Amino acid sequence: MLVDPRFLPLADRFFSMYRQPQNGGGALVAYVHGQKVIDIWAGYADRDRRWNRDTIALSFSTGKGVASTIVHRLSERGIVDYDAPVATYWPEFAAAGKESITIRDVLTHRTGLHKVRGLVPGRLGLLDYDTVIEALAASAPDRRRHRGPGYHAVTFGWLVAETISRATGKPFTDVVREEIAEPLGLDEFWYQVPADQKPRIAKLFPNINPGLDWRLTSSVLSRMGPLRGLAEAAMPDGFDELVRNPAVHDSVMPGWNGVFSARSLARMYAAIANDGVIDGTRFLQSETLEQMGEVQTRDRDYVLGIKLAWRLGYHPPILASRAQPTRGLGHYGVGGSGAYADPETGLALAFVTNRLGNAVTAFGDLRLARLGAEAQAIMRS
């Protein structure tokens, strides 16, 4: 493990989270100006298996930030254009009045295709990539997209993945390897996990139920005006069981099924926090970083019910502190995992865990928010 003495308070806060087996396990990695200052882990990956250096975890919406970063890498080389219609690359997408929807709209949750509930038939239908893609291409957009964003909790990943695949002519997983894993020198950016790596995955527990039966809760919420959007976007039937089904690691569902190490996530965001450079190698151009961090909309999100100031594929870091990063960007996931970069201080922080939070929320629970607040206090001291 690695702990820079200056960051001992952050390490202490992390270790205090994993004192008992029922707390599960996790890993935390931080960089400052491209230099690693923390690389630690603790707790249990399973009931009878300790979390170790090589443990990886399903990190839910954290993967949206990785998928978005691929778009920015491709944009630099002119392979995609933020303001080009998605149908330029994916012609079938133009159906049902979607011909003018752009990649910028996709990255800022303004396509009106947030509905995953009922999108495809069957409790395991979401595992069939081609069927989901066809359904999204045929779907009519929600009219609320013209008033503001609506968080695409699950569908975001397919929209990004298929656009990337069509633009490059390559399978999405190959592009992930070429644009993210290989340039950063780490393999642990997986939406389809290689068979020989699956034993490294930490077991998720206890569940993602909001304290009640999932099917009943999602059905009730889908009929309640203020909460209907959340049920439509994030609560398909059987999703509580699907997240623990080993088959999720054989499919491509970048909105939620990314499997990462904290080490891999932190390295990607370290490059973003360090003007696009890591270990002397440029990962992203400065001009690209400026566009990535620019707030695209401050309108109220009709799914989440809040104003989140979406960037191009990222949300601002959410810290348990009065002071929030003004230029930060990243993505948290339901259950607690997440990662972000703060270009103002040069800090990049990544946290993965298998102990899911107690409630269904869009961006996890307060663990990463508290770790981030501790890191921020150190950086500003």
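Two strands count as paired if DSSP finds at least two bridges between them, and the strands themselves are DSSP runs of E with at least two residues, numbered from the N terminus. The model is predicted.

In the hairpin of β2 and β3, two residues lie between the strands, and histidine 33 takes a positive phi near 50 degrees. Strand β2 covers residues 25–32 and is joined to β3 by eight bridges, in antiparallel orientation. Within this pairing, valine 29 has aspartate 39 of β3 as its bridge partner.

Strand β3 (residues 35–46) also pairs with β1 (residues 2–3), again in the antiparallel sense. Here valine 3 is set opposite isoleucine 38 of β3. A further antiparallel partner of β3 is β4, residues 49–50.

| Strand pair | Sense | Bridges |
|---|---|---|
| β1 (residues 2–3) and β3 (residues 35–46) | antiparallel | two bridges |
| β2 (residues 25–32) and β3 | antiparallel | eight bridges |
| β3 and β4 (residues 49–50) | antiparallel | two bridges |

The remaining position is in a helical part of the chain. Proline 171 sits in the loop between α5 (155–168) and α6 (172–184). Is proline 171 buried, partly exposed or exposed? Its relative accessible area is 46%, so proline 171 is partly exposed, given that this class lies between the limits of 20% and 50%. Alanine 161 is ten residues away from proline 171 along the chain, and their C-alpha atoms are 8.6 Å apart.

Notes. Residues are numbered from 1 along each chain as its sequence is written. This is a predicted model: local features need pLDDT of at least 70, side-chain atom pairs count only at pLDDT 80 or more; totals for chains, interfaces and linings use all residues. Side-chain values use heavy atoms; hydrogens and water are left out. Helices (H or I, at least four residues) and strands (E, at least two) are DSSP runs, numbered from the N terminus. Buried means under 20% relative accessible area, exposed over 50%, partly exposed in between (1.4 Å probe, protein chains only).
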